[in-house]
Amino acid sequence: MKILVANIGSTSFKYQLLDMETERILARGAVERIGEDESPVVLRTYPEGGDMRSWTQNFRVANHADAVRFCFQCLTTSPVACLSDISEISGIGFKAVHAGKVTGVQLVTNEILSAMEEMVDIAPAHNPPYIAAMRQIREQFPSIPLVAAFETGFHADIPEANRLYAVPYEWIDKYQIRRYGFHGASHRFVAGRMAEIFGRSDLRIISCHLGGSSSLCAIRDGKSVASSMGGSPQGGLPQNNRVGDFDPYLIPHLMKQTGKSCEEILEIMSKQGGLYGLGGVGSDIRDILVALDEGNPRAKTAIDVYVYDIRRYLGAYMVELGGIDALVFTGGIGENQPYIRAQVCRNLEAFGIKIDPRKNDSCRVESCISTPNSPTQIWVVTANEEIVVARQTRDLLTKIQKY
């Protein structure tokens with residue numbers, strides 16, 4: 001069974017093609033600048049026992065369905081093609097974000113798309129491009145099943161005490177107001193990888209997915225018991241350009257002070273907040289760290305706020321779990337920024353977290369960066385979210401085929 005895993009952006013379509021019998025990557029590709037006059041289409045294929053082959057071409061790509069069409073064309077007829085026909089693709093899996101009470105792994109239907117549409121106000125940056133792409137692909141390629149693996153699925157069994165806001169119960173029951181948690185594929189991969197490394201699944205893990213979008217997850221026995229992200233991907237830690245946790249009573253105050261509408265304030269909070277808003281040198285952590293080294297006080301403030309919030313959730317989750325066996329860093333920042341890892345672990349020796357500065361600074365691939373006598377192992381792991389979605393897609397399609 002060959003599964004295409006799709007990652008949808010507002011103007012991009014990125015994908016991996018995997019052979020699920022061996023879980024080998026057959027191809028990686030991307031279509032950028034969808035809707036513009038010229039869209040670069042890139043494909044890399046990986047012949048078994050051979051060197052990677054690459055091909056790039058520019059096309060006019062009108063929408064996401066067009067992007068999929070070009071993807072199929074590249075996979076079957078380009079100079080680096082790895083398929084003879086698109087019928088070899090058994091399904092397309094999507095790392096979908098939010099459909100409210102509908103979660104887990106679902107075959108994409110009109111009902112699923114409607115559930116996602118209900119959450120557009122809560123996930124305005126994520127749901128609209130996925131909904132549009134799914135509709136377009138279903139219309140043009142009706143024979144290929146589409147599967148949505150929702151990010152909220154890994155967090156579906158979080159205890160109510162850890163997921164409910166203290167709001168009127170009618171809001172919870174009628175309007176689906178609760179903490180959902182996101183980055184499910186990443187945290188799920190971390191839980192599985194740690195079980196492999198430790199040789200057991202009865203672990204207490206805090207998974208730190210730190211990147212353009214960040215969250216912490218408390219994991220016990222392979223299951224999520226708490227997540228820093230809230231009812232939307234906008235909550236929790238400061239993101240690259242999103243505010244994160246914020247007192248809602250400040251919004252009407254800002255409306256009065258600025259003369260802006262609620263929608264305008266929310267737009268600013270989702271695009272001009274976070275590290276971007278605090279640091280003043282862009283949203284890329286690398287640029288902020290350069291500015292920090294140059295003595296920029298706003299850059300220091302941005303890093304300090306980011307690290308403080310990570311440590312705030314880290315402390316809460318250590319209490320929730322009653323101690324931890326593993327602290328794991330993943331995501332673009334978690335994997336590549338030793339300074340952030342060091343700051344998060346600073347002065348936590350009394351809590352059993354002892355980072356080895358030499359290992360931390362030299363870490364380039366998956367490795368343990370704690371000292372030999374650290375009660376808690378500290379790991380850096382590259383989360384393979386695509387394989388998680390591919391496995392979920394394969395399992396659902398196999399189950400459907402049996403019936």
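These legends go with several close-up views of the structure above. The model is predicted, so local features need pLDDT of at least 70 and side-chain atom pairs count only at pLDDT 80 or more, while totals for chains, interfaces and linings use all residues. Residues are numbered from 1 along each chain as its sequence is written, and side-chain values use heavy atoms, leaving out hydrogens and water.

**View 1. Helix H3 covers residues 127-140.** Helices (H or I, at least four residues) and strands (E, at least two) are DSSP runs, numbered from the N terminus. H3 has 14 residues and reaches 20 Å from its first C-alpha to its last, close to the 20 Å expected at 1.5 Å a residue; the expected span is 1.5 Å times one less than the number of residues. Look for its buried residues, among them Tyr130, Ile131 and Met134. Here, buried means under 20% relative accessible area, exposed over 50% and partly exposed in between (1.4 Å probe, protein chains only). Their cover includes strand E1 (2-9), helix H1 (64-77) and strand E8 (146-149).

**View 2. Helix H2 packs with H3.** The angle is about 160°, and the axes are 10 Å apart; axes are lines fitted to C-alpha atoms, for helices over the stretch in contact, with angles from 0 to 180 degrees between N-to-C directions. That makes H2 roughly antiparallel to H3 (under 35 degrees counts as roughly parallel, over 145 as roughly antiparallel, 65 to 115 as roughly perpendicular and the rest as oblique). Asn110, Leu113, Met116 and Glu117 in H2 meet residues of H3 including Tyr130 and Arg138, where contact means heavy atoms within 4.5 Å.

**View 3. Gln176 lies in the loop between helix H5 (169-175) and helix H6 (184-198).** Gln176 is buried, with a relative accessible area of 14%. Apart from neighbours within four places in sequence, Gln176 is in contact with Gly100, Lys101, Glu118, Met119 and Trp171.

**View 4. Helix H6 has 15 residues.** H6 reaches 21 Å from its first C-alpha to its last. Among its buried residues you can find His187, Phe189 and Met194. The partners of the buried residues include strand E9 (204-209) and helix H15 (385-402). Just after H6, Gly199 takes a positive phi of about 75°.

**View 5. Asp356 sits in the loop between helix H13 (338-344) and helix H14 (357-362).** Asp356 is buried, with a relative accessible area of 13%. Not counting residues up to four places away in sequence, Asp356 touches Ile369, Ser370 and Thr371.
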